[in-house]
Amino acid sequence: MKRSISFSVNGDTVQVEVHPHWNLLRVLREELELTGAKQGCGEGECGACTVLVNGLPINSCIYPIMEVEGKDVLTIEGLASRDGALHPVQEAFLEKAGVQCGFCTPGMIMSAKALLDANPDPDEEEIRQALAGNMCRCTGYIQIIESVKHAAALLSSIEQEA
Ligand code: FES
Ligand code: FES
């Protein structure tokens, strides 16, 4: 039997009828039509489905939907401004070629955002650790690491201007 749950997605409160055994990724993609988070392995191993719940990165493919009640979910769709301007982390991935096929990119960017929110000036080892759960079959990771370093620099310069 379906149950009604309420939570916030990208700043908007949503109410959804769900089966209790569903996971968050299914609800985001199929009920809310937010298809940025990707279904890769479906087993918590690849990070393609990464979104933030209360600011922390989680694998939404294995995150039980009933645990989302009352929480704040941020997906890749919520990063750009309402006027369409990209978030600095998105901008950095474009500028440093951290994107090839793009399948891993939403998850990579959400993990990178969580890292930079907690640690605005990470060293390379800290970046690698933060992205350890996100697999990329295209880039070889070098450009992704460079993208996160560049994102930190962009965010820092924005902060100094403010
Ligand atoms: S699809 Fe969720 S970790 Fe791979
Ligand atoms: S850019 Fe293709 S999987 Fe990462």
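This is a predicted model: local features need pLDDT of at least 70, side-chain atom pairs count only at pLDDT 80 or more; totals for chains, interfaces and linings use all residues.
**Legends to the close-up views**

View 1. Read from the N terminus, the elements of the protein chain follow the order β-β-α-β-β-β-α-α-α-α, which amounts to 5 helices and 5 strands. The radius of gyration of the protein chain is 16 Å, close to the 15 Å that the globule rule gives for 162 residues, so the chain is as compact as a globular protein of that length. Along its principal axes, the C-alpha trace spans about 50 × 35 × 25 Å.

View 2. Where the domains touch, 14 residues come from domain 1 and 12 residues from domain 2. On the side of domain 1 that touches domain 2, strand S3 (50–53) and strand S4 (56–59) each supply at least two residues, and S3 gives the most to this side, with 3 residues. Sorted by class, this side of domain 1 holds 9 nonpolar, 4 polar and 1 charged residues.

**View 3. Helix H2 against helix H3.** Helix H2, made of residues 88–95, packs with H3 at an angle of about 125°, and the axes of the two helices lie 10 Å apart. The crossing in which H2 passes H3 is right-handed. From H2, the residues Val89, Gln90 and Phe93 meet Thr105, Ile109, Ala112, Lys113 and Leu116 of H3, and the residues of this contact divide into 5 nonpolar, 2 polar and 1 charged.

**View 4. Helix H3 against helix H5.** Helix H3 (residues 105–118) also packs with helix H5 (residues 142–161), here at an angle of about 45° and with the axes 11 Å apart, which makes H3 oblique to H5. The crossing of H3 and H5 is right-handed. On the H3 side, Met108, Ala112 and Leu116 take part, and they meet Ile144, Val148, Ala151, Ala152 and Leu155 in H5. By class, the contact of H3 with H5 has 8 nonpolar residues, with no polar and no charged ones.

Terms used
Residues are numbered from 1 along each chain as its sequence is written. Chains are lettered from A and ligands numbered from 1 in the order in which they are written. Two residues are in contact if their C-beta atoms, placed from the backbone, lie within 7 Å. Helices (H or I, at least four residues) and strands (E, at least two) are DSSP runs, numbered from the N terminus. Ala, Val, Leu, Ile, Met, Phe, Trp, Tyr, Cys and Pro count as nonpolar, Asp, Glu, Lys and Arg as charged, and the others, Gly among them, as polar. Axes are lines fitted to C-alpha atoms, for helices over the stretch in contact, and angles run from 0 to 180 degrees between N-to-C directions. Angles under 35 degrees count as roughly parallel, over 145 as roughly antiparallel, 65 to 115 as roughly perpendicular and the rest as oblique. A crossing is left-handed if the near helix is turned anticlockwise from the far one by less than a right angle, and right-handed if clockwise. The radius of gyration is taken over C-alpha atoms; the globule rule is 2.2 Å times the number of residues to the power 0.38.
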